Amino acid sequence: MLYLIDALRNSPDPITIVTTGPATNLAMALRLAPDIATKIEELVMMGGSISEGNVSPAAEFNFLADPDAAHICFNSGLKLVMCGLDVTRKLLCYPEIVDRMDRIDNRAAELFVQLMCFFNQTQREVFGWPGGPLHDPLTIAYLLKPDLLRLQPMHVEIERRSLTSLGRSNCDRFDYLHAGHNAEVAIDVDVDGFWDLVESSLRQYDHLPRRN
């Protein structure tokens with residue numbers, strides 16, 4: 001938290017912040033040092049869902065873990081992009097994707113294959129899916145190639161009091177409340193473009209051959 005405050009205050013240029021877990025540190029930093037908001041160019045959050053959650057019927061893990069922090073972020077006035085389960089669950093790392101990356105035949109691809117084989121095994125055991133979704137990497141993919149995502153401005157309110165829906169991101173997609181938009185919410189993703197970006201990124205390590 002203190003590092004965030006110091007880094008933002010001392011940066012000569014605005015900084016883009018990406019959260020791939022609960023936003024506790026960022027929210028505390030914004031509360032303790034509200035002046036840092038002027039140094040944040042964009043906040044990209046992996047979290048939330050327009051539809052159902054992944055740790056409760058209503059909530060995604062990152063927002064459920066600290067709904068007050070998510071609330072602070074969405075009401076901070078920052079330019080905010082929400083990459084939720086609606087798009088990340090479309091990025092299923094099927095066996096054919098693993099095979100495709102394995103053919104790159106360098107050390108980075110080897111690590112990718114090892115990680116995804118383990119991850120896919122756990123996803124099959126828990127959800128019955130043949131391939132696990134890549135949630136967090138989409139935030140960085142968006143920064144590298146913004147046109148991967150189709151975004152829709154909407155008002156997002158985080159449920160902080162309900163016993164059954166704690167942590168839910170209530171996304172007013174059809175502007176029922178006329179409350180003003182506080183986020184750009186990802187509603188679709190270019191799946192093929194995402195995997196092309198992953199492949200091209202792994203190929204940057206062709207100078208590191210696979211370990212024998």
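How closely do the axes of helix H6 and helix H7 come, and at roughly what angle do they cross? The axes of H6 (residues 95-102) and H7 (residues 107-127) come within 9 Å and cross at roughly 165°.

Before going on, a word on what you're looking at. This is a predicted model, where local features need pLDDT of at least 70, side-chain atom pairs count only at pLDDT 80 or more, and totals for chains, interfaces and linings use all residues. Residues are numbered from 1 along each chain as its sequence is written, and side-chain values use heavy atoms, with hydrogens and water left out.

Axes are lines fitted to C-alpha atoms, for helices over the stretch in contact, and angles run from 0 to 180 degrees between N-to-C directions.

**H6 and its two partners**

Back to that first pair. H6 and H7 are therefore roughly antiparallel to each other (angles over 145 degrees count as roughly antiparallel, under 35 as roughly parallel, 65 to 115 as roughly perpendicular and the rest as oblique). H6 passes H7 in a left-handed crossing, a label used if the near helix is turned anticlockwise from the far one by less than a right angle; clockwise makes a crossing right-handed.

Who does the touching? On the H6 side you'll find Val98, Met101 and Asp102, and they meet Ala109, Phe112, Val113, Met116, Cys117 and Asn120 in H7. Contact here means heavy atoms within 4.5 Å. Sorted by class, the contact of H6 with H7 has seven nonpolar residues, one polar and one charged. For that sorting, Ala, Val, Leu, Ile, Met, Phe, Trp, Tyr, Cys and Pro count as nonpolar, Asp, Glu, Lys and Arg as charged, and the others, Gly among them, as polar.

H6 also meets helix H9 (191-202), and their axes come within 10 Å, crossing at roughly 25°. H6 and H9 are therefore roughly parallel to each other, and H6 passes H9 in a right-handed crossing. Ile97, Arg100 and Met101 of H6 make this contact with Trp195, Asp196, Val198, Glu199 and Leu202 of H9. By class, that contact has five nonpolar residues, no polar ones and three charged ones.

**Helices with a buried face**

Which residues of H6 are buried? They are Ile97, Val98 and Met101, where buried means under 20% relative accessible area, exposed means over 50%, and partly exposed is in between (1.4 Å probe, protein chains only). Seen down the axis of H6, these buried residues fall within an arc of 100°, so they line one face of the helix. The arc is that of the directions from the helix axis to the C-beta atoms. The buried residues of H6 pack against H7 and H9.

Helix H2 (residues 24-32) is worth a look too: Leu26, Ala27, Ala29 and Leu30 are its buried residues. Viewed down the H2 axis, they fall within an arc of 160°, so they line one face of the helix. On the other side of H2, Arg31 and Leu32 are exposed. The buried residues of H2 pack against helix H1 (2-10), strand E1 (15-19), strand E2 (40-46) and helix H4 (67-74).

Strand E2 holds Met45, which is buried, with a relative accessible area of 1%. Leaving aside neighbours within four places in sequence, Met45 is in contact with residues including Thr19, Phe63, Cys73, Leu80 and Thr139.

Leu134 sits in the loop between H7 and helix H8 (137-144) and is buried, at 8% relative accessible area. Not counting residues up to four places away in sequence, Leu134 touches Thr88, Leu91, Cys93, Met116, Phe194 and Trp195.

| Pair | Apart in sequence | Apart in space |
|---|---|---|
| Met45 and Val18 | 27 residues | 5.8 Å |
| Leu134 and Val87 | 47 residues | 9.7 Å |
| Ser56 and Tyr142 | 86 residues | 27 Å |

**Positive phi in two loops**

Asp105, in the loop between H6 and H7, has a positive phi of about 65° although it is not a glycine. Asp105 is partly exposed, with a relative accessible area of 45%. Asp175 lies in the loop between strand E5 (169-172) and strand E6 (183-189), and its phi is near 60°, a positive value in a residue other than glycine. Asp175 is partly exposed, at 28% relative accessible area.

Notes:
Helix = DSSP H or I, 4+ residues; strand = E, 2+ residues; numbered from the N terminus.
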